[in-house]
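Please consider the following structure.

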Amino acid sequence: MFLTSLFRKATHLKRCYSDCAKPGAHKVAVIGAAGGIGQPLSLLLKLNPSIVELRLHDLKDVPGVVADLSHIETATKVVAGGSDLGATLKDVDMIVLAAGLPRKPGMKREDLFKTNAQIVYDVTKSMTKAAPDAYLIIITNPLNSMIPLACEVLKEANKLNARKVFGCSTLDSVRAATFVGEAICKDPKTVDVPIIGGHSGNTIIPLISRSNPPACLEGDDLQKMIKKIQEAGTEVVKAKAGKGSCTLAMAYAASRLIFSILRAADGEKEIVESAYVKSDVMPEVKYLASPLLLGKCGIEKNFGLGKVDECEKKMFCEAMEILKKDIEMGEKFAKAKICESQKNSKK
Ligand SMILES: NC(=O)c1ccc[n+]([C@@H]2O[C@H](COP(=O)([O-])OP(=O)(O)OC[C@H]3O[C@@H](n4cnc5c(N)ncnc54)[C@H](O)[C@@H]3O)[C@@H](O)[C@H]2O)c1
Ligand SMILES: O=C(O)C[C@H](O)C(=O)O
């Protein structure tokens with residue numbers, strides 16, 4: 001009896017442990033690696049000593065990016081994933097998905113859904129076979145729909161570990177710290193503004209009332225600050241005048257989230273980042289951006305909304321209606337694709 005229970009415990013521990021990345025020896029695949037985000041992001045990842053191998057995949061230009069990055073004198077090995085997505089993803093610890101169409105002026109993030117949903121579906125499906133235990137970090141827009149889509153695909157294959165699936169909304173945290181820091185004359189590196197909701201227009205909810213150090217913004221100044229954070233992506237799209245959306249600050253933001261996840265996986269404690277993830281903290285929405293405590297196997301604790309003031313509560317109620325529709329759009333696409341693939345396999 002005692003031995004059986006000991007064996008069960010040991011098997012459980014082994015399973016939990018093999019779920020986690022090996023400390024300090026991470027293999028990371030970047031999909032969309034030759035793109036506007038993919039290139040600077042791969043550069044930043046090449047500088048991280050805890051990444052031993054960087055596998056780059058794109059539909060074009062990968063050999064040039066690999067040759068270029070491999071001249072940097074760090075130990076991280078940079079390899080071309082080749083045209084076979086499955087081979088690229090085989091046994092990696094983390095998949096970073098930055099492939100897909102960016103916005104042009106006049107477009108909303110939702111307008112990218114049709115093209116980008118297929119890419120997220122294909123990569124996630126490949127992941128279920130090639131690297132089912134990997135962390136999945138999605139950058140591709142519209143983020144509010146892409147995480148539900150990916151989770152449906154993983155769930156269908158019985159491979160969903162929601163603690164390891166992250167929608168990278170870190171750019172909102174980065175922008176909030178920068179803009180609030182400027183307004184209160186503090187070094188942005190020392191400013192933290194929690195973000196909740198999603199990653200598009202009014203669904204981005206910066207909790208200025210919980211800014212640390214306090215922001216003390218009121219009335220018009222507060223409203224202007226919230227709009228500035230919510231519309232920052234659109235401002236970059238306008239400034240780039242048809243040549244894409246935010247790439248450099250985005251690469252930085254993604255590297256911040258990735259490094260936090262890897263540091264936590266390697267045992268560092270008390271690392272908190274906001275990200276858009278599968279969530280049960282609010283019964284109304286199944287996916288939500290909120291501050292998360294990261295641990296050895298991904299999300300350790302979801303802090304949810306926490307304390308919000310009346311204005312933030314109202315913003316959240318409005319955002320929920322948009323989020324519900326965005327989530328439904330991602331799930332519906334995944335379900336239709338799964339159905340289609342099941343029909344095809346029966347033929
Ligand atoms: N989450 C965020 O905060 C955030 C911020 C900025 C941009 N984005 C999104 O990130 C995505 C990429 O933006 P970008 O500026 O790098 O675009 P980009 O066009 O410069 O690069 C995209 C890359 O993806 C590649 N690609 C396309 N389909 C592919 C496929 N099936 N497999 C592999 N590679 C493929 C392209 O060849 C290209 O190199 C967009 O959807 C954009 O909206 C998200
Ligand atoms: O605005 C975009 O389309 C890209 C990204 O989501 C951003 O916030 O910069």
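**Reading a residue and a domain interface**

A: Ser-50 is partly exposed, because 16 other C-beta atoms lie within 10 Å; a residue is buried with 20 or more such atoms, exposed with 12 or fewer, and partly exposed in between, C-beta atoms being placed from the backbone. This is a predicted model, in which local features need pLDDT of at least 70 and side-chain atom pairs count only at pLDDT 80 or more, while totals for chains, interfaces and linings use all residues. Residues are numbered from 1 along each chain as its sequence is written, and chains are lettered from A and ligands numbered from 1 in the order in which they are written.

Q: Where in the chain is the place of Ser-50?

A: Helices (H or I, at least four residues) and strands (E, at least two) are DSSP runs, numbered from the N terminus. Ser-50 is in the loop between helix 2 (38-46) and strand 2 (51-57).

Q: Which residues does Ser-50 touch, not counting those up to four places away in sequence?

A: Two residues are in contact if their C-beta atoms, placed from the backbone, lie within 7 Å. Ser-50 touches Gly-24, His-26, Leu-262 and Asp-266.

Q: Into which domains is the protein chain divided?

A: Domain bounds come from an automatic or database domain assignment. Here they give domain 1 (23-168) and domain 2 (170-327), with 21 Å between their centres, taken over C-alpha atoms.

Q: How many residues of each domain are in contact with the other?

A: In domain 1, 34 residues are in contact with 36 residues of domain 2. Helix 6 gives the largest share of the domain 1 side, six residues.
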